[in-house]
Amino acid sequence: MMNGNPKVCYLVVGHTPTREKQLILFKLLSTLKTSGNPIVLIQHTDSPPHIQNLVEYSIVDSKNDVMNYYPIKGGDDFNLHLYWNFDNGSVTLGTQYASYLKYHGLAAMSLFFNGLLNVKALGYDICHLIEYDTGIESIDEFIENEKILTEGGCSSVYYHLGPLEQTIYPQCSSYNLNLS
């Protein structure tokens with residue numbers, strides 16, 4: 001149970017190098033702005049001024065690691081591995097997901113974790129983390145999530161899109177940063 005009024009913010013993550021993606025981001029930020037809560041934007045790309053004007057904080061992480069799939073010799077479509085280059089060498093990770101040629105999941109998770117660490121350092125109690133292209137049209141769900149987090153003693157609330165076994169990270173989630 002949280003005492004007093006919690007300090008709440010939205011954390012929006014994304015990679016929006018095109019006008020089409022920036023329009024999607026602009027619509028999301030405009031919707032979130034109606035809440036009156038601060039917005040923290042963390043991306044792999046810079047944003048134009050009309051987007052910067054909608055957020056209180058903007059973080060740019062220019063490192064955008066992409067993992068590439070390559071087949072194992074004699075493997076089938078579901079026996080692919082991911083290959084991710086690090087500054088000091090390379091790492092090979094096994095996966096069951098074979099639906100993309102390039103995988104941005106780790107780059108996105110890097111934004112999620114770095115964003116949450118920055119939001120916590122800024123002193124926020126509750127953070128609503130949203131991937132820029134999730135398609136939020138109302139903040140009502142976030143208001144309900146705040147009640148669950150403050151009154152229910154939960155550390156997080158998230159919703160998955162598609163089959164649960166394919167949910168690698170939540171695209172829309174809320175966190176009680178004092179319990180997480």
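These questions and answers walk through the cores and ring contacts of a predicted model.

Trainee: Which element supplies the largest share of the largest nonpolar core?

Mentor: That core has 17 residues. The largest share is four residues, and it comes from helix 1.

Trainee: Leu29 is among the residues with the most contacts inside this core. Which residues is Leu29 in contact with, leaving aside its neighbours within four places in sequence?

Mentor: Val12, Leu32 and Phe142 join Leu29 as the residues with the most contacts inside the core. Now set aside the sequence neighbours of Leu29 within four places. The contacts of Leu29 are then Val12, Ile39, Ile51, Leu54 and Val55.

Trainee: Why is the pair of Tyr10 and Phe142 called edge-to-face?

Mentor: A search of the whole structure finds one aromatic pair. Ring planes over 60 degrees apart count as edge-to-face. The centres of Tyr10 and Phe142 are 5.4 Å apart and their planes stand at 85°, so the pair is edge-to-face.

Trainee: How many residues apart are Tyr10 and Phe142?

Mentor: Both residues are buried. Tyr10 lies in strand 1, and Phe142 lies in helix 4 (residues 140-151). The pair links distant parts of the chain, with a separation of 132 residues.

Trainee: Which ring does the charged end of Lys7 sit over?

Mentor: Look for the ring centre 4.7 Å from that charged end. The ring belongs to Tyr124.

Notes: Residues are numbered from 1 along each chain as its sequence is written. This is a predicted model: local features need pLDDT of at least 70, side-chain atom pairs count only at pLDDT 80 or more; totals for chains, interfaces and linings use all residues. Side-chain values use heavy atoms; hydrogens and water are left out. A nonpolar core is a set of buried Ala, Val, Leu, Ile, Met, Phe, Trp, Tyr and Cys residues joined through side-chain atoms within 4.5 Å. Buried means under 20% relative accessible area, exposed over 50%, partly exposed in between (1.4 Å probe, protein chains only). Helices (H or I, at least four residues) and strands (E, at least two) are DSSP runs, numbered from the N terminus. Contact means heavy atoms within 4.5 Å. Rings of Phe, Tyr and Trp (its six-membered ring) pair if their centres lie within 6.5 Å; planes under 30 degrees apart count as stacked, over 60 as edge-to-face and the rest as tilted. A charge sits over a ring if NZ of Lys or CZ of Arg is within 6 Å of the ring centre and within 35 degrees of the ring normal.
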